Amino acid sequence: MLKIDILDLNLEELETEFLNMGLKKFNAKQVYQWLHQKLVFDFDEFTNISKEVREKLKEKFEIGTLKYITHQVSKDKQTVKFLFSLPGKRLIESVLLKYKNRYSICVSSQVGCPLKCDFCATGMMKFEKNLKCSEILMQFYYLQKFLREKNDKISNVVFMGMGEPFLNYDAVLKSINMLNSKEGQDFSKRNFTISTSGLINEINKFTIDEKQIKLAISLHSVNDEKRSSLMPINKANPLAKLKESLINYQEKTKNRITFEYILIDDFNCEKEDAVELVKFMKSFNHLINLIPYNKVEGKPYVTPSREKQREFYNYLVSHNLNVTLRETKGDDIQAACGQLKVKKEEIINEKNN
């Protein structure tokens, strides 16, 4: 009999399964708390559950399919990249980022990415599947347990890892709602950010569905021709229509929008690009996150000099835009923005070590 991944079930779904098995509803809540609050992933360690019930659980359920393989730590100790495997030898990565007084994690939502943004290493991978809710949750849980050993905890979650989160909309939102659950991590929705390449239909749906989760837009140019050359998805979701949907989002939610803008030399950080960006941003309560391009093997793009980055930043600031110039983290372990990419041989080499 094919077992059900118990981590895929929210509390209401788990209670229904328990009642169908002839078990008590309150037992479902106990089991849910062991899994999602205490982060214990062995039925035999559920000490307040009878042995008889535990044996029934083993017959019907499995606990997750995401498996930890290894992790790498950056030279400055501020970034840790985790490698996980899924059935079928599929691989994903997650990143833990340390800031002054908090830890943020960057989680993946797909194996590979079908959008093929030209600056991004993930787009060079074969797209294989959407992650299940449990596979998204387990990234959080592994990293949370990693921090618990250091007497610390996760402060923020960003869906900026592998994949386009809005192409896996239901699983991403379900994972956030489960992490937000009081019987689970009780993690505030205000501490989640979903980054999208700008899928208009999904943004419109998100506007209706959610008022607390933060939204980030992978922008990189406000010129349709340039943006389309970097991001083919722009052809079906052009800037004028994207802007319209974002204005509607902001009117309905009152939330500030973060715009991610990768700086590529001789492409999108010239004076005319800054002028166009200022005009575009006047419509929004915004934060622009300028990200110096992180080198990806096989791509022709070049990171602008620090002086040129600062000139672009200063122009935006001088026109009263709310902007930050990001400090690169984790590029020495290919964990920086746009660098996540895994190969099948990584898992083979790891097993041979």
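Okay, let's start with a term: a salt bridge is a side-chain nitrogen of Lys or Arg within 4 Å of a carboxyl oxygen of Asp or Glu. Keep that in mind for this structure, which is a predicted model.

So, how many salt bridges does the structure hold? There are 17 of them. Some join up: Asp44, Arg54, Glu55 and Lys58 are linked in a network of salt bridges.

Let me walk you through a few pairs. Take aspartate 5 and lysine 132, whose side chains meet in a salt bridge at 2.9 Å, N to O. Where do these two sit? Aspartate 5 is in strand β1, residues 4-5, while lysine 132 is in the loop between β8 (129-130) and α4 (133-148), so this pair ties together parts that are 127 residues apart in sequence.

Next pair: lysine 205 and aspartate 209, another salt bridge, with 3.1 Å from N to O. Both belong to helix α6, residues 200-209, and being four residues apart there puts about one helical turn between them. Lysine 205 is partly exposed, with a relative accessibility of 40%, and aspartate 209 is partly exposed too, at 37%.

Then there's lysine 182 with aspartate 186, where the closest N and O atoms are 3.9 Å apart. That still counts as a salt bridge, because the cut-off is within 4 Å. Lysine 182 is exposed, at 64% relative accessibility, and aspartate 186 is partly exposed, at 45%.

Now for some charges on the surface. Which residues gather in a patch of positive charge there? They're Arg102, Arg190, Lys214 and Arg256. Let's zoom in on arginine 102: you'll find it in the loop between β5 (90-98) and β6 (103-106). Arginine 102 is partly exposed, with a relative accessible area of 32%.

Last topic, the cysteines. A disulfide, remember, is a covalent bond between the sulfur atoms of two cysteines. Cysteine 113 is buried, by the way, with 11% relative accessibility. Cysteine 106 is buried as well, at 10%.

Okay, that's me done. Over to you!

Methods. Residues numbered from 1 in each chain as written. Predicted model: local features only at pLDDT ≥ 70, side-chain atom pairs only at ≥ 80, totals over all residues. Heavy atoms only, no water. Patch = residues over 30% accessible without salt bridge, like charges linked within 9 Å, V, L, I, M, F, W, Y side chains within 5 Å. Areas by Shrake-Rupley, 256 points an atom, 1.4 Å probe, with all protein chains shown as cover. Lys, Arg positive; Asp, Glu negative; His and termini not counted. Charge placed at Lys NZ, Arg CZ, Asp CG, Glu CD. Buried < 20%, exposed > 50% of the residue type's maximum accessible area, 1.4 Å probe, protein only.
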